[in-house]
Structures are given as C-alpha cells and as structure tokens.
Amino acid sequence: MSNSPFNIKGLTDERVIAARKQYGYNRLEYKKENSLFDAIRSLAKEPMVILLLTTSSIYFATGKTGDGIFLAAAIVLVSAISLYQDSRSRNALEKLKTFTAPNSKVIRNGVVMEIKSEELVVGDCMMVEEGASIAADGAILQSNDFSVNESILTGESMAVSKEVTSEDRYVYHGTSVASGLAIATITAIGNETKLGKIGKSLESIADEKTPLELQISNFVKKMVIAGAIVFAIVWAINFLRSHLVVESLLKALTLAMSILPEEIPVAFTTFMALGAWRLMKMGIVVKQMKTVETLGSATTICVDKTGTITENKMSLAKLFVLANNKVTSADSALGNPERELVRLAMFSSEPVPFDPMEVALHAAYAQTTSVDERHNYHLAKEFPLGGKPPMMTHVFVSDNDRIIAAKGAPEALINVSQLSEAEKRSIEVAVQALAIEGFRVLGVGVATISGNEFPLTQQEMKFTFKGLVAFYDPPKKNIQTVLGDFYKAGIAVKIITGDNAATTSAIARQVGFVGYDKSISGEELMKLSEGELNKCVVETSLFTRMFPEAKLKIINALKAQHQIVAMTGDGVNDGPALKAAHIGVAMGKKGTEIAKQAASLILVDDDLSKMVEAVAMGRKIYSNLKKAIQYVISIHIPIILTVLIPLALGWVYPNIFTPVHIIFLELIMGPTCSNIYENEPMEENTMIQKPRPFSLTFFNGRELFISIVQGLAITFGTLLAYQLAVKQGLDEGVTRTIVFTVLVSANIFLTLVNRSFYYSIFTTLGYKNNLVGLIIGATSIISASLLYIEPLSNFFEFHRLNLTQLSISLLIGFVSVIWFEGVKWWKRTTATA
C-alpha cells in the first residue's frame with residue numbers, strides 16, 4: 001500500500017460499500033459446475049448403482065426382503081462414499097480457485113492498494129501496468145505510452161495504443177497490458193463487462209479430458225461391456241440348466257458386479273484433486289489437473305537467472321564512465337562524472353520504479369545527489385524495452401530542459417552510439433571484466449533532438465554513450481542444493497536468460513550449475529537449422545541474450561526431442577514459452593498476471609526449491625495411484641474367478657457367493673483404494689529414480705503382469721480352500737465362510753504388501769499412514785462380526801469356523817500374497833549387485 005503518485009483520490013470506503021451493494025461483486029457467474037446435484041445425477045448413471053437397484057428390486061419382488069433391504073442399504077452406503085469422495089474433490093478444487101484468483105491495483109482514499117479482482121466496484125480507479133490482466137471494463141483517466149492486447153475480444157494479436165484522447169479510450173475485462181501504465185474509471189464489472197456478455201457461450205464448452213483420464217475411462221467402459229457379455233452368457237448357462245429365470249438372473253448379476261472396477265474413476269478424481277490441494281498447502285498452486293499427472297514425468301526444467309537462480313535484490317555495485325575509462329565502486333566517494341552517470345541512468349527509468357534495477361538506481365541517485373530534480377520533471381514520452389539486444393528510452397521534460405536518456409544491453413547502446421573503435425574496445429573490456437565477476441551490466445546513453453518530432457523507434461536516434469552501471473544480484477542461498485536435487489532426480493536444468501553470457505556463466509559457476517562453460521545467444525540460436533537446433537538444446541544448458549521467439553523455439557525443440565519440459569517465467573515476454581511448455585511455472589510474487597494466466601502452476605513464494613517438492617509430489621501421487629489401481633485389478637481377479645469357475649465347471653457348490661457377499665467385498669475395496677493409498681508417504685527412492693516416460697500407457701506390460709499374477713495367486717488360494725473344504729465333507733455354509741475368510745485376509749495382506757513394490761513389508765510398516773491401521777482394523781472387526789455374531793452370520797449364510805478352520809483360512813490368505821516379498825527381495829538384491 002502506498003500513496004498515489006497521481007493527483008487522483010479514487011473512491012472512499014463508504015462509496016465502495018454503496019457501489020458493491022448496487023452492482024455486486026466482480027465475478028463472471030454462469031452455469032454452476034460440479035454441483036452436488038450434478039454429482040447425484042452422475043451417480044445415478046453408475047453401472048454398479050444400476051446393478052444394485054436391479055438386484056434389490058428382484059429380491060423384493062421374490063419375497064427376499066432381508067436381502068433387498070441389505071442391497072438398498074448398500075446403495076445408500078455406496079452413494080454416500082461416492083458423494084463424500086466427490087465432495088472432498090470439489091472442496092479441494094474450490095479452495096484452489098480462491099488461491100488462483102487474480103489481484104488488481106486500485107486507488108482508494110488517495111492510496112494505491114492491491115485487492116482481489118472480485119472486490120473491484122463500478123467507479124473504482126483501477127491502475128493497470130505492463131504485464132497486468134485487466135479485470136473490469138473502464139474509461140481511461142490518465143495514461144503513459146499505454147497499449148493493450150485485445151486479441152481475446154477481437155482476435156487481433158497486435159497491441160492497440162490507447163490514451164484519454166483516443167476514439168476508443170476504454171479498456172476491457174480479459175485483455176492484457178502490452179506496455180505502459182494507465183488509470184481507468186471502472187464502468188462495468190462481472191457479467192456486465194464486454195467479456196462477460198460474450199462469455200455466456202462458454203457454458204457449452206466442455207473441459208478436455210487428460211490422456212490418463214481417457215485411458216481410465218476407456219478401461220472402465222471395456223469392463224462394463226465385458227460384464228454385460230459375461231452377464232448374458234452366465235444367465236443363459238444357468239437358465240438352460242435350471243429353467244429358473246429369476247435365480248439365473250441373480251447369479252448372472254452377481255458375476256457382473258464382481259467385474260465392475262467402479263473404484264478406479266473415484267480413485268483417479270480423488271488422487272488428482274487432493275494432490276493439487278496438498279501442493280497448494282506447500283505453496284504450489286496447480287491451475288490445471290493434468291499438471292499433477294505430468295509433474296512426475298518432467299525431464300527438463302528451464303529457469304531464468306534473475307529471481308530464480310538469484311535473489312532479484314539488485315544493488316548498484318560498480319560504475320564505468322567512458323570519458324575517463326575507469327571502473328569505480330558505487331560505495332566509494334563519487335566524482336561528478338560518476339554522479340552524472342547515475343543521474344542519467346535514473347532518468348532512463350520509470351518515474352515510479354518497480355523493476356529491482358530501477359529501484360536501485362533511484363535509491364543510488366537519492367544518496368548521491370545534493371539537489372533532487374525528480375519533482376521538476378515529468379515523463380513526456382517513453383520507448384518501452386525493445387529491440388535485439390533490448391534497450392529502453394525515456395524523455396523527461398521540465399520548464400526549461402529536456403532529458404532523453406536510455407539504458408539497456410551494452411551492445412544495444414553501442415549500436416546506436418557514435419563510437420570510435422578504441423572506445424568500443426574499452427567498453428567491451430569493461431563489460432567483460434564486470435560480467436566475469438557476476439555483475440548484471442547495463443549501458444547508459446543520452447540523446448539530443450531538436451523539436452518535438454521523435455522517430456518511430458528509439459534505435460533511429462543517435463546517442464552519446466555515457467558509461468556502464470553494474471548491479472550485483474546474489475545467488476539464492478539454497479540454489480546449489482536445489483540444483484543438486486534436480487540432478488539426482490534425473491532432471492536436466494537449463495538457464496534461459498536475457499543477460500549476457502559472461503555474467504550468467506559467472507553466477508552459474510558459483511552455484512555449481514552443470515554446463516556453465518558452454519552457452520549460446522538468442523541470435524545464434526535463431527540461425528541454426530532444425531537438426532542443429534535439436535542437437536544444441538540437448539547438449540547446451542546456458543542460453544543467453546534470449547528473447548520471446550528464441551525461448552519458444554527452445555521449448556518446442558526440447559519437446560520435439562521427447563523431453564517433458566517445465567519452464568519458469570515471470571514476465572509478459574515469457575507468456576508464449578510458459579504456454580508451450582508441458583508445465584508452465586509462474587512466480588507468485590514477482591510474476592505478472594499474464595505469466596500467471598499462461599502458466600499451469602504457480603510458486604507462491606518464488607522459491608525454486610518448491611519445484612523440487614512439486615516434482616516429488618507428482619511422482620508420489622502417480623506412484624500411489626498406480627498402487628491403488630494395481631490393488632483393484634489384483635483383488636478383482638479372485639472375486640471374478642471364485643464366482644465364475646465353480647459356476648462354469650459345475651462344482652458341488654456352484655453359487656458360493658451371492659450379490660450380498662460381492663457388495664460387501666466391494667465396500668471393503670473402495671476405502672482401501674481411495675483412502676489408504678492416497679495417504680501413503682513418498683518412498684525413499686522416489687527422487688533418485690529417472691523420470692517416468694510420459695505416454696498414453698498407464699501400466700507397462702511388467703506391472704500389469706505382476707497384478708494379474710498376484711490376482712491369480714489369490715484365486716488359487718481361494719479355490720484351494722474351496723476344494724479342501726469339499727474334500728473334508730464340509731457343507732456349503734462352512735465352505736462359503738472359509739472361502740470368504742481367505743479372500744478378506746488376502747485383501748488385508750495385499751494392502752500391506754503392495755504399499756511398495758520394492759521395499760519389504762517390514763520397511764513399509766514403518767511408513768506414517770494412520771489410515772492403514774484404522775481401515776484394516778475396521779475391516780477385520782466387521783468381518784469377524786459377520787462370522788461370529790449369529791444374526792449377521794445367518795443373513796450372510798456363514799457358519800462359525802473352529803480355530804483350526806479359521807487358522808488355515810488365514811494362512812492360505814497370507815501365503816497367497818506374501819510370496820511377493822520374495823520378488824521384492826530379489827529386486828533389491830539385483831539392484832545393489
């Protein structure tokens with residue numbers, strides 16, 4: 001919050017309250033998405049719910065009221081679990097929306113303040129500057145070399161200059177500031193803005209599904225089709241044998257229920273939404289769910305030097321005055337030539353500085369001048385940062401004087417100045433000497449033009465080269481550790497900066513950056529052929545004097561080499577590259593609104609170490625989701641085959657399970673899948689593995705094979721228990737109870753064993769996950785109740801097991817799963833060999 005530098009007071013608090021009461025909040029409010037009603041409607045279409053309704057109706061119709069009530073209760077319970085998971089996901093996403101909501105600057109009570117954009121009211125004096133996204137419609141009150149990109153409304157990509165006297169002096173919600181600064185009185189907010197009225201058509205646009213989401217959806221659809229086919233076959237077989245329509249229908253429905261993996265879509269949504277919420281609590285705001293999928297696959301991260309590798313806390317360190325060919329420390333007693341250089345560098349800056357270098361120049365001027373001239377001059381014209389290499393020029397005018405001062409890349413000022421070869425060599429030697437020490441170096445020049453007619457571009461003016469100003473921006477204290485963490489995780493790091501090669505290389509060397517000794521400039525990069533470019537972006541890690549087109553070319557070339565690219569950025573010019581990268585990362589504090597809009601992820605505190613945590617979280621979420629789905633596949637196989645094989649082969653007890661048994665097993669699997677595995681901590685070796693390939697295939701053949709073999713091993717256990725019971729002459733009730741106990745115990749042991757596919761169960765038992773004990777304990781108690789509490793055991797048609805029968809059942813369940821510990825031991829042994 002600061003005093004307004006303009007003679008504008010803005011609204012008072014009372015007028016703000018009155019305007020909000022009259023016009024409401026600045027929100028675009030269309031169709032409410034993902035409401036509770038939508039969730040209930042979607043739930044009613046779920047195949048499992050439809051099967052339960054059908055089966056429950058048949059039970060009621062045939063007079064089996066108890067079974068009908070149980071399945072009706074199961075419908076309520078399944079629905080409650082699904083709605084709870086959906087509610088968790090929706091709440092997490094709603095909280096994410098509040099974190100990604102943009103802010104705007106306004107002048108109220110004569111003070112410039114930053115508020116949430118939704119708090120803007122009609123009549124507010126909104127301040128918009130380069131890089132900002134305009135949050136409401138308004139009429140320009142005051143502007144300075146102001147231009148906007150209105151492509152979102154007009155489709156025209158060229159920036160449009162606007163000022164108070166323009167025919168169209170209005171700014172519009174959703175457009176972005178290309179250059180300069182303006183104050184505008186807000187005329188419309190929310191749905192009444194031009195974008196708001198157009199935006200009604202956005203209601204019909206559906207969100208695009210991610211590759212993994214599509215794959216899971218296709219898998220579930222295939223299983224539904226398979227269930228329908230098997231249902232028809234089993235019903236036909238049973239009907240031909242028994243000629244009982246209803247009984248055959250119930251048996252077929254039992255098998256259909258066992259095939260449906262309805263836990264998988266719920267698990268996917270839960271993992272992604274809660275993963276994004278966990279990232280947000282770490283200071284990492286995820287704007288798109290697909291980013292959570294992609295994070296664990298990142299192979300290359302492209303970072304800026306200033307503010308990412310360094311602190312972005314500029315201090316003026318050295319001065320070089322061309323006239324005396326001497327480098328001077330900014331902390332020493334300065335002579336008149338040095339003070340004049342600081343003065344011109346300050347006048348080449350914004351009158352209200354926000355760039356760290358310009359802030360440092362204003363501070364240095366205030367300390368070195370005896371008479372502060374700033375209030376005597378006003379900014380008459382501005383040439384924004386532009387050109388290759390870039391420079392910027394400001395024209396300040398007083399009652400009897402005019403200053404035309406420029407600063408920028410030393411090469412840019414050399415190109416527009418009349419210099420002898422000796423002077424050029426002196427400047428180049430000074431630039432090299434300062435850059436090698438890690439200083440950020442800018443050239444400073446001054447021009448003289450008679451009259452008020454200025455050329456179209458600043459490069460057309462002739463400047464007098466005055467000298468160099470060098471800034472020191474210290475590396476961040478943790479950056480060496482951060483880079484080391486990326487390298488350990490198998491992620492290549494590339495610096496893409498607008499600074500020169502010598503300065504960047506010096507800083508890179510200080511922080512232990514791999515590849516600091518080899519660099520290429522933007523101009524050189526643009527001249528490469530496609531083949532040379534593809535080779536260069538892989539072999540080179542330092543890219544200097546980069547401009548937007550060159551940055552975009554690097555990102556696209558890396559993608560062409562099948563790299564999964566994360567790109568950090570904060571400025572307007574970073575927008576295209578951030579948008580093109582698989583993972584666009586904007587800075588929360590120093591990032592412009594344009595950068596934040598283009599990015600898919602925002603680091604709230606501008607701390608690159610959070611990106612290491614984000615990659616780790618992405619890998620953990622993906623790994624845990626894979627564990628959950630492998631668990632579902634493994635446990636569904638024995639349920640399906642235990643129902644199908646006795647029925648198909650005509651064993652003595654063909655209907656070992658009924659729908660009530662299947663739905664109970666499904667209720668055990670749901671919480672295990674979505675809760676236990678989602679809450680699992682990251683494994684020790686997660687961040688020393690190479691990034692996983694980003695492909696459309698969720699499982700590779702080996703992983704799917706493991707899940708199938710685990711499922712078949714449990715099936716072998718359940719059918720072995722079945723046959724042992726039959727051979728001992730045990731009746732159907734006892735046999736059913738033994739098989740059920742084997743399945744439930746195998747489910748519990750599988751949950752524990754599959755917490756890691758590498759580390760032993762003794763290691764994973766030490767993992768902190770409170771839900772493991774809670775859910776497994778609840779499963780064990782409920783299962784024991786079904787066996788030993790008579791009303792429940794009668795309902796489920798179970799018989800009480802003696803100690804020997806119970807022990808053998810538990811042992812078979814244990815052995816049918818624990819064998820996989822041997823596979824894991826072999827993996828660890830061969831990995832360390």
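The dialogue below goes from the whole protein to single residues.

Mentor: This is a predicted model, in which local features need pLDDT of at least 70 and side-chain atom pairs count only at pLDDT 80 or more, while totals for chains, interfaces and linings use all residues. Residues are numbered from 1 along each chain as its sequence is written, and side-chain values use heavy atoms, with hydrogens and water left out.

Trainee: What percentage of the residues of the protein count as buried?

Mentor: Buried means under 20% relative accessible area, exposed over 50%, and partly exposed in between (1.4 Å probe, protein chains only). Here 52% of the 833 residues count as buried.

Trainee: Which residues touch the most other members of the largest nonpolar core?

Mentor: Such a core is a set of buried Ala, Val, Leu, Ile, Met, Phe, Trp, Tyr and Cys residues joined through side-chain atoms within 4.5 Å. The largest has 99 residues, of which I301, F486, L601, M611 and F740 touch the most other members. A second, separate core of 28 residues includes M280, I496, V565 and A580.

Trainee: Is S783 buried or exposed?

Mentor: S783, which lies in helix 28 (residues 770-788), is buried, with a relative accessible area of 7%. Leaving out residues up to four places away in sequence, S783 touches F664, I668 and V744, where contact means heavy atoms within 4.5 Å.

Key:
Helix = DSSP H or I, 4+ residues; strand = E, 2+ residues; numbered from the N terminus.
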